[in-house]
Amino acid sequence: MEIDKNMKTLNFLHSGDMGDIIAGLYTVKQICEKEHCKANLFLDTNGGKHDPLIMRQSKGEGQKFNRASYDFLKPLLEVQSFIASVNTWNEFLPVSIDYDLNTFRKIFFDMKTIQETNQNLLYSHQYVFGLPMECKGPWLDPIEAELKRKILLSRSTRYHSSDQMYLIQKGEPSMGFMGTDLEAECFKDCMRMEVPRVEIANALDAAKEIAASEKFLVNGTLFYWIALGIGHSNIWHEVGVDIPTTVFKNGDDLHTKYCIGLHLIK
(Lines give C-alpha, C1' and ligand atoms only; values in the text may rest on other atoms or scores of the structure.)
Protein backbone atom coordinates (compact mmCIF):
# COMPACT_ATOMS: atom_id res chain seq x y z
CA MET A 1 0.00 0.00 0.00
CA GLU A 2 1.38 3.39 -1.00
CA ILE A 3 1.24 5.92 1.84
CA ASP A 4 0.58 9.59 1.21
CA LYS A 5 3.78 11.19 2.52
CA ASN A 6 1.89 14.40 3.26
CA MET A 7 -0.66 12.71 5.52
CA LYS A 8 -0.13 13.04 9.26
CA THR A 9 0.50 9.85 11.25
CA LEU A 10 -0.22 9.07 14.89
CA ASN A 11 1.38 6.37 17.02
CA PHE A 12 -0.81 3.70 18.63
CA LEU A 13 0.37 1.07 21.11
CA HIS A 14 -1.22 -2.29 21.93
CA SER A 15 0.11 -5.24 23.92
CA GLY A 16 -2.48 -7.84 22.89
CA ASP A 17 -3.98 -10.40 22.96
CA MET A 18 -4.58 -10.85 19.23
CA GLY A 19 -8.37 -10.59 19.42
CA ASP A 20 -8.05 -7.47 21.58
CA ILE A 21 -5.92 -5.86 18.88
CA ILE A 22 -8.43 -6.55 16.10
CA ALA A 23 -11.29 -5.27 18.28
CA GLY A 24 -9.24 -2.16 19.07
CA LEU A 25 -8.74 -1.37 15.38
CA TYR A 26 -12.30 -0.04 15.19
CA THR A 27 -11.24 2.72 17.57
CA VAL A 28 -7.96 3.24 15.69
CA LYS A 29 -9.90 3.72 12.46
CA GLN A 30 -12.35 6.13 14.13
CA ILE A 31 -9.51 8.26 15.48
CA CYS A 32 -7.72 8.24 12.12
CA GLU A 33 -10.87 9.39 10.33
CA LYS A 34 -11.46 12.10 12.94
CA GLU A 35 -7.83 13.32 12.84
CA HIS A 36 -7.41 12.87 9.06
CA CYS A 37 -4.36 10.71 9.59
CA LYS A 38 -2.99 7.19 9.34
CA ALA A 39 -1.80 4.98 12.17
CA ASN A 40 1.65 3.75 13.03
CA LEU A 41 0.73 0.64 14.99
CA PHE A 42 3.25 -0.45 17.62
CA LEU A 43 2.77 -3.93 19.11
CA ASP A 44 4.45 -5.00 22.32
CA THR A 45 5.84 -8.50 21.83
CA ASN A 46 6.63 -8.72 25.55
CA GLY A 47 2.92 -8.97 26.37
CA GLY A 48 2.61 -5.71 28.29
CA LYS A 49 4.88 -6.56 31.20
CA HIS A 50 5.66 -2.83 31.48
CA ASP A 51 1.98 -1.98 32.07
CA PRO A 52 0.49 -2.00 35.61
CA LEU A 53 -3.06 -2.56 34.29
CA ILE A 54 -2.01 -5.62 32.30
CA MET A 55 0.09 -7.02 35.13
CA ARG A 56 -2.78 -6.54 37.56
CA GLN A 57 -5.35 -8.18 35.30
CA SER A 58 -3.03 -11.08 34.35
CA LYS A 59 -1.90 -11.65 37.95
CA GLY A 60 1.69 -10.79 37.03
CA GLU A 61 2.00 -12.96 33.93
CA GLY A 62 1.40 -10.41 31.17
CA GLN A 63 -0.42 -11.15 27.93
CA LYS A 64 0.39 -14.09 25.66
CA PHE A 65 1.23 -11.75 22.78
CA ASN A 66 4.76 -12.46 21.52
CA ARG A 67 6.86 -12.34 18.35
CA ALA A 68 5.04 -15.30 16.81
CA SER A 69 1.71 -13.54 17.44
CA TYR A 70 3.09 -10.38 15.84
CA ASP A 71 4.31 -12.25 12.77
CA PHE A 72 0.93 -13.97 12.43
CA LEU A 73 -1.08 -10.73 12.63
CA LYS A 74 1.19 -8.39 10.67
CA PRO A 75 0.17 -9.37 7.09
CA LEU A 76 -3.48 -8.55 7.85
CA LEU A 77 -2.68 -5.35 9.72
CA GLU A 78 -0.31 -3.85 7.18
CA VAL A 79 -2.79 -4.07 4.28
CA GLN A 80 -5.40 -1.93 6.08
CA SER A 81 -5.88 1.42 4.37
CA PHE A 82 -5.81 3.39 7.64
CA ILE A 83 -2.52 1.86 8.86
CA ALA A 84 0.74 3.44 7.70
CA SER A 85 3.11 1.00 9.40
CA VAL A 86 3.24 -1.96 11.79
CA ASN A 87 6.18 -2.25 14.17
CA THR A 88 7.31 -4.09 17.27
CA TRP A 89 7.63 -2.06 20.46
CA ASN A 90 9.41 -2.21 23.78
CA GLU A 91 9.55 0.21 26.68
CA PHE A 92 13.05 1.40 25.71
CA LEU A 93 12.07 2.37 22.16
CA PRO A 94 12.48 6.16 21.69
CA VAL A 95 8.96 6.63 20.30
CA SER A 96 6.25 8.92 21.65
CA ILE A 97 2.91 7.07 21.82
CA ASP A 98 -0.14 9.20 21.04
CA TYR A 99 -2.76 6.59 21.96
CA ASP A 100 -2.06 3.76 24.39
CA LEU A 101 -4.79 1.24 23.53
CA ASN A 102 -3.93 -0.81 26.62
CA THR A 103 -5.92 1.70 28.67
CA PHE A 104 -9.09 -0.15 27.62
CA ARG A 105 -8.31 -2.52 30.50
CA LYS A 106 -9.29 0.21 32.96
CA ILE A 107 -12.93 -0.72 32.46
CA PHE A 108 -12.47 -4.12 34.15
CA PHE A 109 -11.64 -2.56 37.52
CA ASP A 110 -14.71 -0.38 38.04
CA MET A 111 -18.30 -1.61 38.36
CA LYS A 112 -19.70 1.49 36.64
CA THR A 113 -17.58 1.01 33.52
CA ILE A 114 -18.19 -2.74 33.54
CA GLN A 115 -21.92 -2.06 33.41
CA GLU A 116 -21.66 0.71 30.82
CA THR A 117 -19.52 -1.28 28.39
CA ASN A 118 -20.84 -4.76 29.25
CA GLN A 119 -17.10 -5.59 29.05
CA ASN A 120 -17.38 -5.71 25.24
CA LEU A 121 -13.83 -5.42 23.91
CA LEU A 122 -14.69 -3.08 21.04
CA TYR A 123 -16.86 -0.77 23.17
CA SER A 124 -14.20 -0.72 25.90
CA HIS A 125 -11.59 0.73 23.56
CA GLN A 126 -14.08 3.40 22.47
CA TYR A 127 -15.08 4.18 26.05
CA VAL A 128 -11.61 5.10 27.31
CA PHE A 129 -11.13 7.57 24.44
CA GLY A 130 -14.53 9.21 24.78
CA LEU A 131 -15.96 7.80 21.55
CA PRO A 132 -19.58 6.63 21.08
CA MET A 133 -19.96 2.96 21.98
CA GLU A 134 -21.20 1.57 18.70
CA CYS A 135 -20.22 -0.72 15.87
CA LYS A 136 -21.80 0.32 12.60
CA GLY A 137 -20.37 -2.48 10.50
CA PRO A 138 -17.05 -3.76 9.17
CA TRP A 139 -13.91 -1.86 10.08
CA LEU A 140 -11.30 -3.89 8.23
CA ASP A 141 -10.83 -3.39 4.50
CA PRO A 142 -13.06 -5.69 2.41
CA ILE A 143 -11.72 -9.00 1.15
CA GLU A 144 -12.86 -10.37 -2.19
CA ALA A 145 -13.07 -14.17 -2.19
CA GLU A 146 -14.90 -16.83 -4.19
CA LEU A 147 -17.00 -19.25 -2.15
CA LYS A 148 -14.94 -22.34 -1.18
CA ARG A 149 -17.18 -24.14 1.30
CA LYS A 150 -20.57 -23.93 2.96
CA ILE A 151 -19.26 -24.07 6.52
CA LEU A 152 -15.99 -23.04 8.16
CA LEU A 153 -15.40 -24.03 11.79
CA SER A 154 -12.94 -22.51 14.27
CA ARG A 155 -12.88 -23.30 17.99
CA SER A 156 -10.15 -22.32 20.41
CA THR A 157 -9.66 -24.23 23.68
CA ARG A 158 -11.28 -21.39 25.70
CA TYR A 159 -14.89 -20.21 26.13
CA HIS A 160 -16.92 -23.34 25.34
CA SER A 161 -20.68 -23.35 25.88
CA SER A 162 -22.32 -25.06 22.90
CA ASP A 163 -21.06 -28.33 21.46
CA GLN A 164 -24.48 -28.54 19.83
CA MET A 165 -23.80 -25.55 17.59
CA TYR A 166 -21.16 -27.63 15.82
CA LEU A 167 -22.79 -31.05 16.13
CA ILE A 168 -25.88 -30.00 14.17
CA GLN A 169 -23.57 -29.52 11.16
CA LYS A 170 -22.47 -33.17 11.26
CA GLY A 171 -22.65 -34.77 7.84
CA GLU A 172 -22.30 -31.55 5.86
CA PRO A 173 -19.78 -32.45 3.12
CA SER A 174 -18.64 -28.90 2.37
CA MET A 175 -16.97 -28.10 5.69
CA GLY A 176 -13.48 -27.24 6.98
CA PHE A 177 -11.77 -26.60 10.32
CA MET A 178 -9.34 -23.70 10.71
CA GLY A 179 -7.11 -23.58 13.77
CA THR A 180 -4.01 -24.98 15.45
CA ASP A 181 -3.14 -28.68 15.64
CA LEU A 182 -4.14 -28.71 19.32
CA GLU A 183 -7.48 -27.03 18.59
CA ALA A 184 -8.20 -29.52 15.79
CA GLU A 185 -7.37 -32.48 18.04
CA CYS A 186 -9.56 -31.13 20.85
CA PHE A 187 -12.42 -30.53 18.42
CA LYS A 188 -12.13 -34.07 17.02
CA ASP A 189 -11.99 -35.57 20.53
CA CYS A 190 -15.04 -33.61 21.69
CA MET A 191 -17.26 -33.82 18.60
CA ARG A 192 -16.11 -37.14 17.08
CA MET A 193 -16.20 -35.39 13.72
CA GLU A 194 -13.61 -35.80 10.98
CA VAL A 195 -13.39 -32.34 9.44
CA PRO A 196 -10.80 -31.48 6.76
CA ARG A 197 -8.18 -28.99 7.92
CA VAL A 198 -7.91 -25.54 6.37
CA GLU A 199 -4.24 -24.58 6.26
CA ILE A 200 -3.21 -20.97 6.83
CA ALA A 201 0.10 -19.19 7.43
CA ASN A 202 -1.13 -15.93 8.93
CA ALA A 203 -4.14 -13.78 9.84
CA LEU A 204 -4.55 -12.48 6.29
CA ASP A 205 -4.89 -16.08 5.07
CA ALA A 206 -7.46 -16.62 7.83
CA ALA A 207 -9.46 -13.58 6.74
CA LYS A 208 -9.52 -14.87 3.16
CA GLU A 209 -10.74 -18.30 4.26
CA ILE A 210 -13.45 -16.75 6.43
CA ALA A 211 -14.56 -14.56 3.54
CA ALA A 212 -14.72 -17.65 1.31
CA SER A 213 -17.18 -19.45 3.62
CA GLU A 214 -20.98 -19.29 3.43
CA LYS A 215 -21.37 -19.80 7.19
CA PHE A 216 -18.72 -19.34 9.89
CA LEU A 217 -19.03 -21.08 13.28
CA VAL A 218 -16.62 -19.80 15.93
CA ASN A 219 -16.20 -19.24 19.65
CA GLY A 220 -14.57 -16.27 21.40
CA THR A 221 -11.28 -16.16 19.55
CA LEU A 222 -9.21 -14.04 17.18
CA PHE A 223 -11.03 -15.44 14.16
CA TYR A 224 -14.38 -14.23 15.51
CA TRP A 225 -13.07 -10.66 15.60
CA ILE A 226 -11.62 -10.98 12.11
CA ALA A 227 -14.99 -12.24 10.83
CA LEU A 228 -16.76 -9.23 12.36
CA GLY A 229 -14.03 -6.90 11.09
CA ILE A 230 -14.38 -7.98 7.47
CA GLY A 231 -18.18 -8.04 7.67
CA HIS A 232 -18.93 -11.74 7.20
CA SER A 233 -22.67 -12.07 6.58
CA ASN A 234 -23.44 -15.29 8.51
CA ILE A 235 -21.56 -15.80 11.80
CA TRP A 236 -22.67 -18.33 14.41
CA HIS A 237 -20.90 -17.43 17.63
CA GLU A 238 -20.48 -19.72 20.64
CA VAL A 239 -20.61 -17.28 23.56
CA GLY A 240 -18.61 -18.01 26.70
CA VAL A 241 -20.87 -18.39 29.75
CA ASP A 242 -20.79 -15.15 31.76
CA ILE A 243 -18.10 -13.81 29.39
CA PRO A 244 -19.83 -10.92 27.55
CA THR A 245 -16.67 -9.48 25.97
CA THR A 246 -17.77 -10.63 22.49
CA VAL A 247 -21.46 -9.71 22.75
CA PHE A 248 -22.95 -6.56 21.20
CA LYS A 249 -26.04 -5.13 22.88
CA ASN A 250 -26.35 -1.62 21.46
CA GLY A 251 -28.52 -2.62 18.53
CA ASP A 252 -25.52 -3.14 16.26
CA ASP A 253 -26.46 -5.52 13.43
CA LEU A 254 -23.34 -7.61 12.80
CA HIS A 255 -25.00 -10.62 11.12
CA THR A 256 -24.25 -12.76 14.16
CA LYS A 257 -26.27 -15.44 15.94
CA TYR A 258 -25.21 -15.94 19.57
CA CYS A 259 -25.43 -19.53 20.83
CA ILE A 260 -25.31 -21.12 24.30
CA GLY A 261 -26.24 -24.79 24.53
CA LEU A 262 -29.21 -25.43 22.24
CA HIS A 263 -30.39 -21.83 22.51
CA LEU A 264 -30.01 -18.91 20.17
CA ILE A 265 -29.79 -15.97 22.56
CA LYS A 266 -29.93 -13.47 19.71
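Helices H3 and H8 pack with their axes 6 Å apart, at an angle of about 60°. The model is a predicted one, in which local features need pLDDT of at least 70 and side-chain atom pairs count only at pLDDT 80 or more, while totals for chains, interfaces and linings use all residues. Residues are numbered from 1 along each chain as its sequence is written, and side-chain values use heavy atoms, with hydrogens and water left out. Helices (H or I, at least four residues) and strands (E, at least two) are DSSP runs numbered from the N terminus.

**Packing of H3 and H8**

- H3 and H8 are therefore oblique to each other; angles under 35 degrees count as roughly parallel, over 145 as roughly antiparallel, 65 to 115 as roughly perpendicular, and the rest as oblique.
- Phe72, Leu73, Pro75 and Leu76 of H3 make the contact with Ala203, Leu204 and Ala207 of H8, where contact means heavy atoms within 4.5 Å.
- The residues of this contact of H3 with H8 comprise seven nonpolar, no polar and no charged; Ala, Val, Leu, Ile, Met, Phe, Trp, Tyr, Cys and Pro count as nonpolar, Asp, Glu, Lys and Arg as charged, and the others, Gly among them, as polar.
- Axes are lines fitted to C-alpha atoms, for helices over the stretch in contact, and angles run from 0 to 180 degrees between N-to-C directions.

**The six-stranded sheet**

- An open sheet of six strands has the order S6-S5-S7-S8-S9-S10, with mixed pairing; two strands pair if DSSP finds at least two bridges between them.
- The edges are strand S6 (175–177) and strand S10 (263–264), each with a single partner strand, so one side of each has no neighbour in the sheet.
- Five bridges pair strand S5 (residues 149–154) with strand S7 (residues 213–218) in the parallel sense, and Ser154 has Val218 of S7 as its bridge partner.
- Helix H8 (residues 203–211) lies across S5 and S7 and runs at about 120° to S7.
- H9 also packs on the sheet, where it touches S5, S7, strand S8 (235–238) and strand S9 (256–260), and its direction makes about 140° with that of S7.
- S8 and S9 run parallel and are joined by four bridges; His237 has Tyr258 of S9 as its bridge partner.
- S9 and S10 run antiparallel, joined by two bridges, with Ile260 opposite His263 in S10.
- The hairpin of S9 and S10 has two residues between the strands, and Gly261 takes a positive phi near 60° there.

**The four-stranded sheet**

- Four strands form an open sheet in the order S3-S2-S1-S4, and the pairing is parallel.
- Strand S3 (83–89) and strand S4 (99–100) are at the edges with a single partner strand each, so one side of each is left without a neighbour in the sheet.
- Strand S1 (residues 8–14) runs parallel to S4 and is joined to S4 by two bridges; Tyr99 in S4 is the bridge partner of Phe12.
- H1 packs on this sheet, touching S1, strand S2 (37–44), S3 and S4, and its direction makes about 155° with that of S1.

**Backbone exceptions**

- Most residues other than glycine have a negative phi, and most peptide bonds are trans.
- The peptide bond from Gly16 to Asp17 is cis, with omega near 10°, and Asp17 belongs to the loop between S1 and H1.
- Arg192, in the loop between H7 and H8, has a positive phi near 55° although this residue is not a glycine.

**The largest pocket**

- The largest pocket holds about 1300 Å³ of space; on a 1 Å grid over the protein atoms alone, a pocket is an open set of points where a 1.4 Å probe fits, with protein on both sides within 12 Å along at least five of seven lines.
- Grid points are joined across faces, edges and corners, and the volume is the space filled by probe spheres set on the points.
- Of its 46 lining residues, Asp17, Met18, Gly19, Lys64 and Arg158 are the closest to the pocket centre; a lining residue has an atom within 4 Å of a point.
- Helix H1 (18–35), helix H3 (67–77), helix H7 (181–191) and helix H9 (222–230) are the elements that give two or more residues to the lining.
- The lining of the largest pocket divides into 17 nonpolar, 17 polar and 12 charged residues.
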